[in-house]
Amino acid sequence: MARDDWNPRKLPDLSGKRYLVTGSNAGLGYFASLQLASAGAHVIMTGRSPQRLATARASVERALPDGVGSVETLLLDTSNLGSVRAAAATARGRKPLHGLLLNAGVVHPPRQRRTTPDGHEMIFATNVLGHYALAGELLIALAAGRGRMVWVGSVSTSIWKYEPTDIELVDDYSPWRAYVQSKVATTSLGLEADDRLRAASVPVSSLVAHPGYSTSGRTRDIAGINEPTRMTRFTDNLQAAVTQSKERGAWPLIRALVDPDATGGEFYGPAGVLRGGPRVATPAAVTRDPEVAARLWSYCEQTTRTPWPYLKASRTRAKG
Ligand SMILES: NC(=O)c1ccc[n+]([C@@H]2O[C@H](COP(=O)([O-])OP(=O)(O)OC[C@H]3O[C@@H](n4cnc5c(N)ncnc54)[C@H](OP(=O)(O)O)[C@@H]3O)[C@@H](O)[C@H]2O)c1
């Protein structure tokens, strides 16, 4: 169990470490990338738009002190399995990976069910399937770095009790159900991954973190990254007592990724549930149900045709 004197503003020195962040051109992923690089890490910032990625990279580089940390960009659309595999092949390179932040997500799903070119329900494909496949594709690189993967959940899973029986919501789609159910899945898979990795003696841990309630209207203006309208600022500030900035929302994700005392299978979130410093928290009961986890795992494994390479990963020597 991690200590409680963690200071999110003073991270350990991450020089020489390599991290990949999905959805890093905006929101939590942008701030997570900035916080990692500011502690000396090399960050592979990924996203689906070359322009938005270039803007985010330039913004992080401007904010870094001279000689501290570095970033590169890589196109990665988590809703597209071809894009996931291509990006993973590039990211693997010959270098180890010390951490993988599975952050990208559609947070405002469409009213009507939509499918991706691969034929999957869009929210599930983006938030869950792409991340399951990416983590499997990068498992050996993570094993070489004795690294961690962090999945991003949501406090909404403790409020709305959606059990994923109709996993891709063929019969019972609603935007909110699609979102919450996708977060049940990321949390459940993240906890299940740690059990499976331990059982197979793979030197990689899996943790889950959630950012509480973090809004753009409570986040500082950054050109091209966070430019809420005056109305959004006004309405978000009305909820100030229960919200925080995305900069702070990234804290539990970063703690799960880099706190040396954090261990696999832990769940991190803000101390005040919706806001506050990053602490160990309790995931929703449905996300700890072994039957739900087994159902989701087998669905992702078969659908993406990406069985995780446990044996090879367990035999991977530490590098770097
Ligand atoms: N903010 C909160 O209060 C909150 C609460 C609970 C959980 N979360 C979770 O935290 C994560 C980040 O949320 P956020 O608040 O930072 O949202 P955000 O500001 O909307 O950022 C979402 C990020 O995901 C990217 N993304 C969306 N679809 C993608 C795709 N197909 N491929 C690659 N990247 C894609 C977006 O890129 P584009 O610019 O290309 O769209 C953007 O970089 C999500 O997983 C969300 O579910 C957030």
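A backbone N or O atom of L28 lies 2.8 Å from an oxygen atom of the ligand. This is a polar contact (a pair of N or O atoms within 3.5 Å). For G212, a backbone N or O atom lies 3.4 Å from an oxygen atom of the ligand. Taken alone, the ligand exposes 890 Å², and the protein buries 88% of that area (Shrake-Rupley method, 1.4 Å probe).

The structure is a predicted model; local features need pLDDT of at least 70, side-chain atom pairs count only at pLDDT 80 or more, and totals for chains, interfaces and linings use all residues. Residues are numbered from 1 along each chain as its sequence is written, and side-chain values use heavy atoms, with hydrogens and water left out.

Around the ligand stand 26 residues, of which R48, R52, N103, Y179 and K246 come nearest. A residue counts as near if one of its heavy atoms lies within 4 Å of the molecule. The shell divides into nine nonpolar, 12 polar and five charged residues. Here Asp, Glu, Lys and Arg count as charged; Ala, Val, Leu, Ile, Met, Phe, Trp, Tyr, Cys and Pro count as nonpolar; the others, Gly among them, count as polar.

P50 is found in helix α2, residues 50–63. Helices are DSSP runs (H or I, at least four residues), numbered from the N terminus. P50 is partly exposed, with a relative accessible area of 44%; this class lies between buried (under 20%) and exposed (over 50%), with a 1.4 Å probe and protein chains only. The C-alpha atoms of P50 and N25 are separated by 9.6 Å, and the two residues are 25 residues apart along the chain.

Note on methods:
A polar contact is a pair of N or O atoms within 3.5 Å; within protein, one must be able to donate a hydrogen and the other to accept it, and residues adjacent in sequence count only if both atoms are side-chain atoms. Helices (H or I, at least four residues) and strands (E, at least two) are DSSP runs, numbered from the N terminus.
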